[in-house]
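Student: I have a sequence and a model open side by side. Could you show me how to read the features one at a time?

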Amino acid sequence: MKLPDYTDVVQAHERIRSLVHRTPVLTSRSLNAITGAQLYFKCENLQKVGAFKFRGACNAVFSLSNEQVASGVCTHSSGNHAAALALAARMRGVPAYIVMPRNAPSIKKKAVEGYGAQITFCEPTLASRESTLAEIAAKTGATEIHPYNNFDVIAGQGTAAKELLEEVGPLDILLCPIGGGGLLSGTSIAGRELNPKGLVIAAEPEGADDAYRSFHANKLIPSVDPKTIADGLLTSVGEMNFRIIQRKTDEIVTVSERGIVQAMRMIWERMKIIVEPSSAVPLAAILENKVVVTNKTVGIILSGGNVDLDNLPF
């Protein structure tokens with residue numbers, strides 16, 4: 001299995017630079033005072049479709065040949081990757097076929113519909129998602145673009161950390177959340193190359209801790225019935241992602257649901273920006289002392305801002 005490296009991240013950045021937002025890096029004096037660290041937040045909640053996922057989807061769609069993309073693209077996703085792929089396909093002028101679990105957040109369903117994708121709903125299990133997608137791919141001839149276990153998606157996700165490190169310089173710690181591992185594997189590739197002396201650490205909800213268990217057992221342990229408010233982190237780590245994480249990530253920690261809600265509220269109140277629960281997981285790790293940051297410079301990738309305003313946890 002060929003794994004992406006930093007040259008692939010650089011090529012991805014060149015390919016998508018004019019298509020994605022170069023999102024801002026924000027700081028907060030009050031959060032710095034609370035944590036005793038210098039925090040730099042890479043605001044992918046302000047990316048197109050409201051999440052970092054657009055980087056990977058865009059790179060994957062625009063990496064395909066005209067022949068590969070002629071019948072469109074397809075995927076299964078609970079939300080952010082679905083919207084990202086739908087928009088990237090629309091920009092390329094090809095159809096997108098998306099399989100979504102019936103219980104996906106309504107804001108994410110609306111976004112996917114708004115970008116013109118054809119949605120097929122399925123039961124909220126990985127088996128149902130995969131079997132439904134297989135049927136659609138066979139029927140349409142569309143090219144599958146996996147949400148995270150995909151070479152070009154990983155390379156595209158690494159561009160967020162690349163931009164952050166190019167803007168702020170060396171960091172003691174680079175932090176991001178982990179679900180399927182697309183963001184972490186891309187971040188780890190960029191971090192190892194541009195910030196070799198710094199640590200790359202991921203944070204994960206206690207109720208969806210397959211990455212934490214896999215990392216510490218040094219083998220893939222799939223998630224079984226994960227439960228967390230961070231709906232973007234419910235999926236199990238991909239095989240390609242895990243291979244990169246094993247080699248290039250320093251640590252994975254877990255955080256409580258209460259900690260996630262507290263961190264999310266703190267970002268809303270102190271930074272005046274909207275983030276979804278998954279985005280708040282890295283800050284929760286700092287606030288719960290799972291990652292010690294005193295007197296350190298820390299980069300945090302805020303993964304997305306697609307929160308259901310009808311179901312706020314505070």
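Student: Let us start with Glu44 and Arg55: are they buried or exposed?

Tutor: The model is predicted, so read every value as computed from it. Buried means under 20% relative accessible area. Both Glu44 and Arg55 are buried.

Student: What joins Glu44 and Arg55?

Tutor: A salt bridge, with the closest N and O atoms 2.8 Å apart. The pair links distant parts of the chain, 11 residues apart. Glu44 sits in the loop between strand E2 (38-43) and helix H3 (53-63), while Arg55 belongs to helix H3 itself.

Student: How many salt bridges does a search of the whole structure find?

Tutor: It finds 16. Take another one, between the side chains of Glu166 and Lys162, at 2.8 Å from N to O. Look at the spacing along the helix. Glu166 and Lys162 are 4 residues apart in helix H8 (residues 151-168), so about one helical turn separates them.

Student: How exposed are Glu166 and Lys162?

Tutor: Glu166 is partly exposed, at 43% relative accessible area. Lys162 is buried, at 6%.

Student: Which residues do salt bridges that share partners join into one network?

Tutor: Lys42, Glu44, Arg55 and Glu163. Glu44 and Arg55 are the buried pair we began with.

Student: Now the sheet. What holds strands together in general?

Tutor: Strands of a sheet pair through backbone hydrogen bonds, either parallel or antiparallel. Here, 4 strands form an open sheet, in the order E5-E4-E3-E6, with parallel pairing.

Student: Which are the edge strands?

Tutor: Strand E5 (118-122) and strand E6 (143-144). Each pairs on one side only. Helix H6 (residues 106-114) packs on the sheet and touches strand E4 (96-101) and E5. The direction of H6 makes about 170° with that of E4.

Student: How many bridges join E3 to E6, and which residue in E6 stands opposite Cys74?

Tutor: There are 2 bridges between E6 and strand E3 (residues 73-76), and the two strands run parallel. Cys74 stands opposite Glu144.

Student: What is the bridge partner of Cys74 in E4?

Tutor: Tyr97. E3 and E4 are joined by 4 bridges and run parallel. Now follow the chain. From E3 it passes through helix H5 (residues 80-92) to E4, and this β-α-β crossover is right-handed.

Student: Why is E4 described as largely enclosed?

Tutor: Count the buried residues. In E4 they are 6 of the 6, so the rest of the structure largely encloses the strand. Then sort its side chains by direction. Ala96, Ile98 and Met100 point one way, Tyr97, Val99 and Pro101 the other, and all are buried.

Student: How many bridges pair E4 and E5?

Tutor: The two pair over 5 bridges, in the parallel sense. At one of these positions, Met100 has Phe121 of E5 as its bridge partner. The chain goes from E4 through H6 to E5, again as a β-α-β crossover that is right-handed.

Student: Next, cysteines. How many disulfides does a search of the whole structure find?

Tutor: It finds 0. To see how that works out, check sulfur distances. For Cys43, the closest cysteine sulfur is in Cys176, 15 Å away, too far for a bond. Cys43 counts as buried, at 0% relative accessibility. Cys74 is in no disulfide either, and the nearest cysteine sulfur, that of Cys122, is 13 Å away. Cys74 also counts as buried, at 0%.

Student: Last, a single residue. Where is Thr254, and what is it in contact with?

Tutor: Thr254 is in strand E9 (residues 251-255). Thr254 is buried, at 13% relative accessible area. Set aside its neighbours within four places in sequence. The contacts of Thr254 are then Glu204, Pro205, Glu206, Asp209, Tyr212, Glu288 and Lys290.

Terms used: Residues are numbered from 1 along each chain as its sequence is written. This is a predicted model: local features need pLDDT of at least 70, side-chain atom pairs count only at pLDDT 80 or more; totals for chains, interfaces and linings use all residues. Side-chain values use heavy atoms; hydrogens and water are left out. Two strands pair if DSSP finds at least two bridges between them. Contact means heavy atoms within 4.5 Å. Axes are lines fitted to C-alpha atoms, for helices over the stretch in contact, and angles run from 0 to 180 degrees between N-to-C directions. Buried means under 20% relative accessible area, exposed over 50%, partly exposed in between (1.4 Å probe, protein chains only). A crossover is right-handed if, with the strands pointing away from the viewer, the path from the first strand over the helix to the second runs clockwise. A salt bridge is a side-chain nitrogen of Lys or Arg within 4 Å of a carboxyl oxygen of Asp or Glu. A disulfide is a pair of cysteine sulfur atoms within 2.5 Å.
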